[in-house]
Amino acid sequence: MAWTKEMPKNPVVAVAGATGAVGQEFLRVLHDVDFPAAEVRALASARSAGKKVAFEGCGQVPAGELTVQEMTPESFEGVDIALFSAGAGVSRAMREAVVAAGVVMIDNSSAFRMDEDVPLVVPEVNPGDISWHSGVIANPNCSTIQMVAALKPLYELSRIKRVVVSTYQAASGAGAPAMAELYDQTRDFLNGTPEDELTISAFAHRIAFNCIPHIDVFLDDGSTKEEWKMVVETKKIMGDEDIQVAATCVRVPVLRCHGEAINVEFEDEVTVEAARAALQAAPGITVMDDPENKVYPMPGLLAGTDGAYVGRLRRDPSVEHGLAFWNVADQIRKGAALNAVQIAQLLLP
């Protein structure tokens, strides 16, 4: 059943997982877009309760510090929107209490993305899908978000038959401890620490000066769950179950921004010029495509930016109607916190 509760102009917002990397980014984004919140509550686990987190303010909430509260089912009384980035297990455990309290949960985990009653939303692609939510809206996987944001304007030129994508995913996708591990390993490696003495906990192997073709668990068909997510989420977001997607997801020693090499096959001819014009006009897309002057998106230089960046746009001669391009976005911003806050903005009256 579709949600019927009216959203106030100045909603009370809860940030669940406020001490994590994405939770901290939620707070920054709420400030950056000046979200019209009447109140912002910082929620986290019991061990974080009482901590202070900096907040630059938004709406009716002044700049200062927020005191972290322990997240319990009772935490959501009086809340209108809950931005969740506390892990799939916590989201599942809290869903009933959140929805029963009349709160719209915008969840950054994988817990509900493929549920039939949960919209999976990228605001630049399928904003209308929020109309049928029943209390929960899912934020897609970070690597899917930036890809479909670029695919949408191209799909409007011609239906997409097939997508082949290879990702170059930043350490941030595995959380703040993974980013710290990249820093620490890099320092230790350069200081000559033997391989078998390096601390490896966030990833299956050393991430410093290495690429790991393994994100999430392996499935029976030899793909990883991260790759599976890109396949099924793309179909759901684009509203086309017939799009074929082949993904290879790789972790690389970059801090925040994911890169993706994308090859697209269309039903009809799409010229490079038409594709460039469509991408330039698309919301949330910045085209950086001037190879003669060495201009193209680079993950190391785009940390902290919004939206998705596209470059290296060219014809793919291996199929009849094909294009290839390179796509970069900040995984913590557009790949997580910004997309969720943009969903929250769609809910405003």
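Colleague: Which residue is the bridge partner of Asp107 in β8?

Modeller: Strands of a sheet pair through backbone hydrogen bonds, either parallel or antiparallel. Here, Ala138 in β8 is the bridge partner of Asp107. Strand β7 (residues 104-107) and β8 run parallel and are joined by three bridges; two strands pair if DSSP finds at least two bridges between them. Strands are DSSP runs of E with at least two residues, helices are runs of H or I with at least four, and both are numbered from the N terminus. This is a predicted model, in which local features need pLDDT of at least 70 and side-chain atom pairs count only at pLDDT 80 or more, whereas totals for chains, interfaces and linings use all residues. Residues are numbered from 1 along each chain as its sequence is written, and side-chain values use heavy atoms, with hydrogens and water left out.

Colleague: What is the order of the strands in the open sheet?

Modeller: The six strands follow the order β5-β2-β1-β6-β7-β8, with parallel pairing. At the edges, β5 (69-70) and β8 (136-138) each pair on one side only.

Colleague: Which strands does helix α1 touch?

Modeller: Helix α1 (residues 21-32) packs on the sheet and touches β1 (12-16), β2 (39-44) and β6 (81-84), contact being heavy atoms within 4.5 Å. The direction of α1 makes about 150 degrees with that of β1; axes are lines fitted to C-alpha atoms, for helices over the stretch in contact, and angles run from 0 to 180 degrees between N-to-C directions. Among the buried residues of α1 are Phe26, Leu27 and Leu30, where buried means under 20% relative accessible area, exposed over 50% and partly exposed in between (1.4 Å probe, protein chains only). After α1 comes Asp34, whose phi is positive, near 50 degrees.

Colleague: How many aromatic pairs does the structure hold, and why is the pair of Phe76 and Phe84 stacked?

Modeller: A pair of aromatic rings is described by the distance of the centres and the angle of the planes. The structure holds three such pairs. In one of them, the centres of Phe76 and Phe84 are 5.7 Å apart and the planes lie at 20 degrees, so the pair is stacked. Rings of Phe, Tyr and Trp (its six-membered ring) pair if their centres lie within 6.5 Å, with planes under 30 degrees apart stacked, over 60 edge-to-face and the rest tilted. Phe76 is buried at 0% relative accessible area, and Phe84 is buried at 0%.

Colleague: Which parts does the pair of Tyr168 and Trp326 tie together?

Modeller: Tyr168 and Trp326 are edge-to-face, 5.2 Å centre to centre with 75 degrees between the planes. Tyr168 lies in strand β9 (residues 160-169) and Trp326 in strand β14 (residues 322-330), so the pair ties together parts that are 158 residues apart in sequence. Tyr168 is partly exposed at 37% relative accessibility, whereas Trp326 is buried at 17%.
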